[in-house]
Amino acid sequence: MVVPMDITFLGTSSAQPSSTRNHQSMALRVNGDVWLFDCGEATQHQVQKSQVKMSRISKVFITHMHGDHCFGLCPLLCSIGKISDDDDAPIEIYGPSRLRQWVRTTLNSTYAALERCYRVHEILQDDDPEDTSEDLHPQELPGRNYRLDAKEGDALPAHVILDIGNGFKVTAAPIVHRVPTLGFVVQEPEIAGNLDMAELRPHLMRNADALRAQGIKQPLSLLSKLQRQGEPIDLPDGTRLMPPAKVRGRQVVILGDTCDSAGIVPFCDHPQLLVHEATNALTSMDLDDATHEQVVERTVSHGHSTPQMAGAFAKRIGARNLILTHFSSRYKGDTSDASLKIMEEIRQLALSTYGDDKDANLYCARDLWDYQIKL
């Protein structure tokens, strides 16, 4: 069964927020469960304005420790309530070194009392020290330390694979920015394919009387059982109906700030969605101030990407859809004609490297915009 999956962009600005763009955060909803990716300042305000239910937030993934990606985490933890009185599941938080100590220090220094417990799992680079989880906050549970190692004899670069439940796995790998930064690849488990009604229906109808004699009043009801349980069904005449073959689940790639994401390429396999930053661009707003080469040089020197870099990366990994985010605050996120014109220029820049045939698969995110992720 294909469960609902969508992503809501709670903040799409870089560095500084603006009146039309909040700091970075996005909410990936999977069958009602909410996983946040980054949590910039005032994220909880954006959650309240959106269709995302705060109480359904169960996991938070932080890409790096710049404030515009994490300053909203502790206030959010203070506001998240329980789904029910017997809900004892902690909020699972994943991120780079220093995240655990920063959350603990912030909560302790502000005498914060949380309604739900939390646990921070750190994804560590080679020389990062391991926090030993001493002097825990009253609502803190000990988290795990994952080391980003390239396994001996493994051709793959450094990474860790997080088993986050219900068959979902998240691969975290380092990408290049000014500070240690992670990219995340979310992989849905295999799901059952579609039933071949033209093939199955005649067998069921041929056995209809015998099935009714067994108490199955609606022979076609066995189709839902075949799809849901994924086990063969033996009919009275000896025919065995086989469940549909499983197909690969959806893959979603969400990157932090980066000027080079090559380290995560081996883990990307034609994802349904790539979310990539596009901090700076050369638009009609900028033509008098810089050349394309100067924009690229300045952008990369700060550890960021241009739309063309995002489009090229999407093409490299075979992304089926690309959403740009993390825009400079000078690019407004409202729906005025002037703002839409500039954002279309940015989209066209990315399209020039992503491929002209991808025009319908390329988007510029706005705050509180929701995107359905289809199989």
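Student: Is Lys59 buried or exposed in this structure?
Tutor: In this predicted model, Lys59 has a relative accessibility of 10% and therefore counts as buried, since the limit for that class is under 20%.

Student: Which residue does Lys59 form a salt bridge with?
Tutor: The partner is Asp33, and the closest N and O atoms of the two are 4.0 Å apart.

Student: Which parts of the chain does that pair tie together?
Tutor: Lys59 belongs to strand β4 (residues 57-61) and Asp33 to strand β3 (residues 33-39), so the contact links parts that are 26 residues apart in sequence.

Student: How many salt bridges does the structure hold?
Tutor: There are 18 salt bridges. Another one of them brings together the side chains of Asp163 and Lys169, at 3.5 Å from N to O.

Student: And what is the accessibility of Asp163 and of Lys169?
Tutor: Asp163 is exposed, with a relative accessible area of 56%. Lys169 is partly exposed, at 38% relative accessibility.

Student: What about Glu344 and Arg347, where do they lie?
Tutor: Both are in helix α10 (residues 337-354), three residues apart, which is about one turn of the helix.

Student: How accessible are Glu344 and Arg347?
Tutor: Glu344 counts as partly exposed at 32% relative accessibility, whereas Arg347 is buried, with a relative accessible area of 11%.

Student: Which residues do salt bridges with shared partners join into one network?
Tutor: That network consists of Arg100, Arg104, Asp131 and Glu140.

Student: Changing topic to the strands: how many residues of β11 are buried?
Tutor: Strand β11 (residues 181-187) is mostly covered, with seven of its seven residues buried.

Student: Which residues sit on each side of β11?
Tutor: One side carries Thr181, Gly183, Val185 and Gln187, and the other carries Leu182, Phe184 and Val186.

Student: In which sense do β10 and β11 pair, parallel or antiparallel?
Tutor: Strand β10 (residues 168-175) pairs with β11 in the antiparallel sense, over seven bridges. The two are joined by a hairpin through five residues.

Student: What is the bridge partner of Ala173 in β11?
Tutor: The partner of Ala173 is Gly183.

Student: Which residue of β16 does Gly183 stand opposite?
Tutor: In β16, Gly183 stands opposite Leu255. Strand β16 (residues 251-255) and β11 pair in the antiparallel sense over five bridges.

Notes. Residues are numbered from 1 along each chain as its sequence is written. This is a predicted model: local features need pLDDT of at least 70, side-chain atom pairs count only at pLDDT 80 or more; totals for chains, interfaces and linings use all residues. Side-chain values use heavy atoms; hydrogens and water are left out. Helices (H or I, at least four residues) and strands (E, at least two) are DSSP runs, numbered from the N terminus. Buried means under 20% relative accessible area, exposed over 50%, partly exposed in between (1.4 Å probe, protein chains only). Two strands pair if DSSP finds at least two bridges between them.
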